Amino acid sequence: MDCVACGSAVVTERPERTARGYRRFRCRDCGKQYNDRSGTVLNHAQYPSDVIALVVLWRLRYRLTLRDLAEMFLQRGIVFSHEVVREWEAKLTPVLSEELRRRRHSKGGTCGRHWHVDETYIKVRGHWADLYRAIDRGGNLVNTMLGEHRDMAAAQAFFRSANAATGVTPERVTTDGHGSYPRAIRATLGRSVAHRTSAYRNVVRPVAETAGCAVQAAKGRLAGGH
């Protein structure tokens, strides 16, 4: 892997590993010593990247509570608090979102015209925020947005952002029933867009397979891979 300090490709892998088993490197140009996780959002994390990625994936995929996840991994001999899960979610969700976007664009296609939208609370740098999420029927990421409020203005901003980012106006939008969505859809996407409400047809189920693939790529990026 290239040097995290100067970007040089002239690096040497050292024979010893870190205490958690990550490879060590030394740049032959600038002398910087680093490991697989140096310069990543999980650089100083106490737990392995694959464990953290799995926790966040299960949180997003199955909508498990913070305490549920802490208890599930405790039964597997891995001990952490529910507050740590919140921190991991705030750090890793943007990375997963970016990876899903990259996968969509790398396929040379745009998102579909049936969108699934919902929102959830996450804590970012000590402050609560609303995370709006949308995918298409095939599990491709449409858009994500963090906001301070869950209201009409935020919903409209999210749909405008999704429309601008994709260049697509959906035929149908399925939401989790939040009251601001119907008016926001009409105001930003047009009255011809059908709106459907279903607690079981939200982002979590269709995104499962795509997120599962994306998390593997994201883990590599978190570990400093390319």
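Modeller: In this predicted model, Arg150 and Glu119 form a salt bridge whose closest N and O atoms are 3.5 Å apart. The pair links distant parts of the chain, 31 residues apart: Arg150 sits in the loop between strand E6 (141–147) and helix H4 (152–166), and Glu119 belongs to strand E4 (residues 114–124). Glu119 is buried, at a relative accessible area of 7%, whereas Arg150 counts as partly exposed at 26% relative accessibility. Asp130 belongs here too, since salt bridges that share partners join Glu119, Asp130 and Arg150 into one network.

The structure holds seven salt bridges. Another of them joins the side chains of Glu89 and Arg59, at 3.1 Å from N to O. Glu89 lies in helix H3 and Arg59 in helix H1, so this pair ties together parts that are 30 residues apart in sequence. Both Glu89 and Arg59 are buried. Arg14 and Glu16 also form a salt bridge, with 2.7 Å between the closest N and O atoms. Here Arg14 is partly exposed, with a relative accessible area of 28%, and Glu16 is likewise partly exposed, at 33% relative accessibility.

Arg37 is a charged residue without such a partner. Arg37 is found in the loop between strand E3 (33–35) and H1. Arg37 is buried yet has no salt bridge, and the nearest side chain of opposite charge, that of Asp50, is 7.4 Å away. A polar atom of the Arg37 side chain does lie 2.6 Å from the backbone oxygen of Ala45.

Next, the nonpolar packing. The largest nonpolar core has 22 residues, and Ile52, Val55, Leu69, Phe73, Phe80, Trp88 and Leu92 touch the most other members. Helix H1 (49–62), helix H2 (66–74) and helix H3 (82–106) are the elements that give two or more residues to this core. H1 supplies the largest share, eight residues. A second, separate core of 20 residues includes Tyr132, Ala134, Val173 and Ile185.

Leaving aside residues up to four places away in sequence, Leu69 touches Val55, Trp58, Arg59, Leu64, Phe80 and Val85. Arg59 in that list is the salt-bridge partner of Glu89. In H2, the buried residues are Leu66, Leu69, Ala70 and Phe73. Seen down the axis of H2, they fall within an arc of 100 degrees, so they line one face of the helix.

One further site is Ser180, in the loop between strand E7 (172–175) and helix H5 (181–189). Ser180 is buried, with a relative accessible area of 8%. Its side chain makes a polar contact of 2.9 Å with that of His178. Apart from residues up to four places away in sequence, Ser180 touches Asp151, Met152 and Ala155.

As for the chain as a whole, there are six helices and eight strands, in the order β-β-β-α-α-α-β-β-β-α-β-α-β-α along the sequence. Of the 226 residues, 44% are buried. Among contacts between residues at least 6 apart in sequence, 54% join residues at least 24 apart.

Definitions and conventions: Residues are numbered from 1 along each chain as its sequence is written. This is a predicted model: local features need pLDDT of at least 70, side-chain atom pairs count only at pLDDT 80 or more; totals for chains, interfaces and linings use all residues. Side-chain values use heavy atoms; hydrogens and water are left out. A nonpolar core is a set of buried Ala, Val, Leu, Ile, Met, Phe, Trp, Tyr and Cys residues joined through side-chain atoms within 4.5 Å. Buried means under 20% relative accessible area, exposed over 50%, partly exposed in between (1.4 Å probe, protein chains only). Helices (H or I, at least four residues) and strands (E, at least two) are DSSP runs, numbered from the N terminus. Contact means heavy atoms within 4.5 Å. The arc is that of the directions from the helix axis to the C-beta atoms. A polar contact is a pair of N or O atoms within 3.5 Å; within protein, one must be able to donate a hydrogen and the other to accept it, and residues adjacent in sequence count only if both atoms are side-chain atoms. Lys and Arg count as positive and Asp and Glu as negative; His and the chain ends are not counted. A salt bridge is a side-chain nitrogen of Lys or Arg within 4 Å of a carboxyl oxygen of Asp or Glu.
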